[in-house]
Amino acid sequence: MKLVVVESPAKAKTINKYLGHDYHVLASVGHIRDLPDKQGSVIPEEDFAMQWDIPARSKDPIHAIRSALKKADTLILATDPDREGEAISWHIQHVMKDMIGDKPVERVVFNEITKSAVLDAMAHPRQINSELVDAYLARRALDYLVGFTLSPVLWHKLPGAKSAGRVQSVALKLICERESEIEQFNSEEYWSIEARMLKDNGDSLTARLTHLNGKKLGKMTINSKAMADDAVAAIKASDFAVLNVETKRTKRNPSPPFTTSTLQQEASRKFGFSASRTMQVAQKLYEGINIGSETTGLITYMRTDGVQLSNEAIQSIRGEISNTKGDRYLPSTPRVYKSKAANAQEAHEAVRPTSISRHPSAMRQYLDTDQIKLYDLIWKRTLASQMASAELDKTAVDIADRGGKATMRANGSIIVFDGFLSVYREDRDEQQNSASDGDGNGNGSSAGADDDANTILPPVASGEPMNAEGIKPEQHFTQPPPRYTDASLIKQMEELGIGRPSTYASILQKLLTRNYIEKDQRRFIPEERGRIVSAFLEGFFSRYVEYGFTARLEDDLDRISDGKLEWKTLLRQFWADFKETVDQTQELARQDILERIDPMLEQVFFPKDEDGAPIRVCSNCENGRLGLKVGRFGAFIGCSNYPECRYTRPVGQESDEQQEALADGDRHLGDDPETGLPVLVRKGPYGAYIQLGDADTKKPKRGTIPKKMEIPNLTLETGLGLLNLPREIGLHPESGEMITAGIGRYGPFIRFGSTYISIPDDDSVLTIGLNFAIDAIAKSGKTAGRNVGDHPDGGSIMLKSGRFGPYVEHDKIRATIPKAYDPDTLTLDEAIDLIAKKKAKGPGKAPPRGKTTKTAKAKTSPKASTAAKKRK
């Protein structure tokens, strides 16, 4: 018997069906041992000896493998085809060495979990790759040494800080730097001018002003209303004729098939998936899906930097294109892609379907909502990557005043041949320049603006006269760069060579878990704690959070995996300088550290005066200087005249003016006309809040005050409004559902159904109207559901998407849409039938107290049953 060990039970279950009775497949359930979370697990003084520990969760898998190994004559290690997979196999071999003896140990790898791929791998075993293991050991030791050496420094010098990591600290720096750019951004005014240019026959085209008085206009040239009015006057006084018509045939090539990072980026843009959610769904598609009587993986291994495809896959894809789209859509030769990543690790194939003949429409009945979305995305991207280029005719028409006062330009494009665009179009990130469109809060414009759409211009000839009508001057303001999303942050990290795509999901999750950043409307915002930690690292460990240094370290790890660098040599080089920097920082007093990072954060924590300078004068003693302080529970703002002046305020909370409003205690706004109880503004440990009733009132009603609401300007009407939240705004015109506004854990929001959308942290929660709410819902990309039609009993049937997939709802009855149905084409009759079946089934009932369900009885072990009989 041959024992095969893989990582996951799902993978084991699938592979077990491919192999005969001579094989027994077990799962290690991930790593069976790791470095324990304590000091001394890596010992630099002993040439970086590593003390491994077997966690409690691995006891059962190890016991099962040991028991099976006693009966086996060969051990086959079939873990994933990357460094982590190689490391898991290495750990298993080391832990089982006493059981292995002289039994042969084979290492097999496959890029996809299909019967042919697995059987082929079994026929071509190899030995464990020591160079890949060395690269894993180096990375694991580096991450441990940074985390367990740097984190204690944070705990002692910055109470409240949790930890620091080698790569996550650099990701945090990116997010903090982007926030600083947004805060320091100065918006500038500019104008654009368009006009409808009319031909004599009535045809028209829209053109924009490009030249004025013989000079070419830049985006910021017209920067005031007066200048815009002058330009409009010049256009009105012009005698226009077509100056030039230029048409160019252009080609647009398809994007390569997905790597890990581009898959994460596109899933974020198209579906709003986080990186971790994308990887979880991809893991299921890779490990195996039950398709009728067959279990097979639907995609290849999803942790890869490679964009190349196997020759067999390319031929299969080209055959699919020829059969379904025709030879016009098939290039004469296959497209060959090469990785452009800053660091490309061991080359695996791109992420692709294991069989291009498994169309998404045929897989829909076997997959849940997330799975079919991701599979459809991968399938279309893969097919498009081998298709013919799209061809577009782009036309530019220059229309000039005969006297040279003004020149207008109209642009048009026509898709002559759609090529790969007939299958797939890639979405795009927000504009990254400072003059991008946005909402003024660093949230940028919506992604995916499509310049491939047809913009058809009427035929015009050079010299043809035209008249300008409907002249439209439009005012704009430059907007700050957008905050990072999963997609844009992953793209930036990959371009800088920071980390590995397979680690991006866990890096971002750690930053969120440690409250260094928060996520609002799919964008990352640094918390005060995160900004302080990032400033500390930049001030004292700047070398180790430099983008170039981190990227060079990744290059060195790649050199180890290529056998070009010895792994302990890298550790020695890194540790000597790093340990010296840590020791020097440990010797500094906490006040010395605060004095270094305080100037770095003054733009963040202190309001500005009219000249833009930070206000640092203490409002309490009037001659002290406010600065960043650290206490037992973290950072706060305090006065330099302590202990004579004991003025303090929390970091990131009320300004001096806000606190002055409550300096003499509670503020009485007035009495509630209905109850007669006083409405008070009170100060709590987490800031100001509103309360109905005084100290004698039992269980008084309380409400949150938004951070940006001015406490000195609060009125009785405002206070009562906050106490009465959430409030109803109005019915959504499409779904008929009530939209409400309220304040939750993450600030003000509007809600419709089970969907929450953040709104500004000011009085918007009280003033927002129905039109604004509907517009905010539309901009968020979240739908209010589709009205399928009217139910015979009255009322609409709504099709919605929930946590567990799409469903239809009527009169509070929700019926899940089976996988056999396509939600996009669901008919009214089908929806009525689903509602009727759900209603007939009735609500699920819990078993009576004290009784056991059949399932529970079935799971009772024979020993437990015998013991129960003896007790009776």
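How many contacts beyond four places in sequence does the model have for residues 431–450, over which pLDDT stays under 50? For residues 431–450 the model has 48 such contacts, a contact meaning heavy atoms within 4.5 Å.

## Model and confidence

This is a predicted model, in which local features need pLDDT of at least 70 and side-chain atom pairs count only at pLDDT 80 or more, while totals for chains, interfaces and linings use all residues. Residues are numbered from 1 along each chain as its sequence is written, and side-chain values use heavy atoms, with hydrogens and water left out.

The predictor's confidence in each residue is given as pLDDT, from 0 to 100; the chain averages 84, and 89% of the residues score at least 70. Besides residues 431–450, where pLDDT stays under 50, the stretch 846–872 also stays under 50, and there the model has three contacts beyond four places in sequence.

## Helix H7 and its partners

Helices (H or I, at least four residues) and strands (E, at least two) are DSSP runs numbered from the N terminus. Axes are lines fitted to C-alpha atoms, for helices over the stretch in contact, and angles run from 0 to 180 degrees between N-to-C directions. The axes of helix H7 (residues 168–184) and helix H15 (residues 501–513) come within 10 Å and cross at roughly 70 degrees, which makes H7 roughly perpendicular to H15 (angles under 35 degrees count as roughly parallel, over 145 as roughly antiparallel, 65 to 115 as roughly perpendicular and the rest as oblique). In this contact, Gln168, Ala171, Leu172 and Ile175 of H7 meet Ile507, Lys510 and Leu511 of H15, and these residues divide into five nonpolar, one polar and one charged. Here Ala, Val, Leu, Ile, Met, Phe, Trp, Tyr, Cys and Pro count as nonpolar, Asp, Glu, Lys and Arg as charged, and the others, Gly among them, as polar.

H7 also meets helix H16 (residues 528–540), their axes coming within 9 Å and crossing at roughly 110 degrees, and the two are therefore roughly perpendicular to each other. On the H7 side the contact is made by Ser169, Leu172, Lys173, Cys176, Glu179, Ser180 and Glu183, and on the H16 side by Gly530, Arg531, Val533, Ser534, Leu537 and Glu538; the residues divide into four nonpolar, four polar and five charged.

## Helices H6 and H17

The axes of helix H6 (residues 130–157) and helix H17 (residues 547–561) come within 7 Å and cross at roughly 150 degrees, which makes H6 roughly antiparallel to H17. Among the residues in contact are Leu132, Ala135 and Leu142 in H6, and Leu553, Leu557 and Ile560 in H17. The residues of this contact divide into seven nonpolar, one polar and four charged.

## Aromatic pairs

A search of the whole structure finds 15 aromatic pairs, where rings of Phe, Tyr and Trp (its six-membered ring) pair if their centres lie within 6.5 Å, and planes under 30 degrees apart count as stacked, over 60 as edge-to-face and the rest as tilted. The rings of Trp575 and Phe578 have centres 6.2 Å apart and planes at 50 degrees, so this pair is tilted. Trp575 and Phe578 are three residues apart in helix H18 (residues 567–586), and are therefore separated by about one helical turn.

## Backbone features in loops

Most residues other than glycine have a negative phi, and most peptide bonds are trans. A cis peptide bond, with omega about 10 degrees, joins Tyr642 and Pro643, and Pro643 lies in the loop between strand S19 (634–639) and strand S20 (648–650). Another cis bond joins Leu725 and Pro726, with omega about 0 degrees; Pro726 is found in the loop between helix H21 (716–723) and strand S25 (727–731).

Asp47, a residue other than glycine, has a positive phi near 55 degrees, and its place is in the loop between strand S3 (42–43) and strand S4 (49–50).
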